Amino acid sequence: MAVMLAHAAQFAGGLPAVESEALGRYRDASTLARWAEEPMSGLLSAGLIQGVDGAHLAPKATATRAQCAVMLRRLLAYLNFID
């Protein structure tokens with residue numbers, strides 16, 4: 001889901017420069033697929049995702065409907081599509 005959001009953000013206007021330490025704050029970042037590292041870092045840098053708690057991203061977990069709604073709303077607000 002994070003990769004789809006990152007691609008949508010790039011298409012609609014872009015994400016900020018990736019912070020090199022963005023993934024390093026999370027204990028389970030090593031379980032993230034390599035192809036998802038840059039998009040996930042971009043979303044973290046933009047504040048569009050925050051992980052399931054302060055120390056875990058849970059990249060292999062299934063996103064709930066509530067998590068999807070929050071991330072989509074953050075994306076739309078970030079892109080100035082909504083207030």
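**Exercise 1.** Where is the place of Phe81? Describe its exposure and its contacts.

*Solution.* Residues are numbered from 1 along each chain as its sequence is written. The model is predicted, with local features requiring pLDDT of at least 70 and side-chain atom pairs pLDDT 80 or more, while totals for chains, interfaces and linings use all residues, and side-chain values rest on heavy atoms, without hydrogens and water.

Step 1. Phe81 lies in the segment after α3; helices are DSSP runs of H or I with at least four residues, strands runs of E with at least two, numbered from the N terminus.

Step 2. Phe81 counts as exposed because its relative accessibility is 53% (buried is under 20% relative accessible area, exposed over 50%, partly exposed in between; 1.4 Å probe, protein chains only).

Step 3. Leaving out residues up to four places away in sequence, Phe81 touches Ala12 and Leu76 (contact: heavy atoms within 4.5 Å).

Step 4. Between the C-alpha atoms of Phe81 and Met71, 10 residues apart along the chain, the separation is 14 Å.

**Exercise 2.** Identify buried residues of α2 and what covers them.

*Solution.* Step 1. The buried residues of α2 include Pro39, Met40, Leu43 and Leu44.

Step 2. Their cover includes α1 (2-12) and α3.

Step 3. Just after α2, Gly47 adopts a positive phi of about 80°.

**Exercise 3.** State the confidence of the chain and of its helices.

*Solution.* Step 1. The average pLDDT (the predictor's confidence in each residue, from 0 to 100) is 91, and 100% of the residues score at least 70.

Step 2. Confidence is lowest in α2 (residues 34-46), with a mean of 91, and highest in α3 (residues 65-78), at 94.
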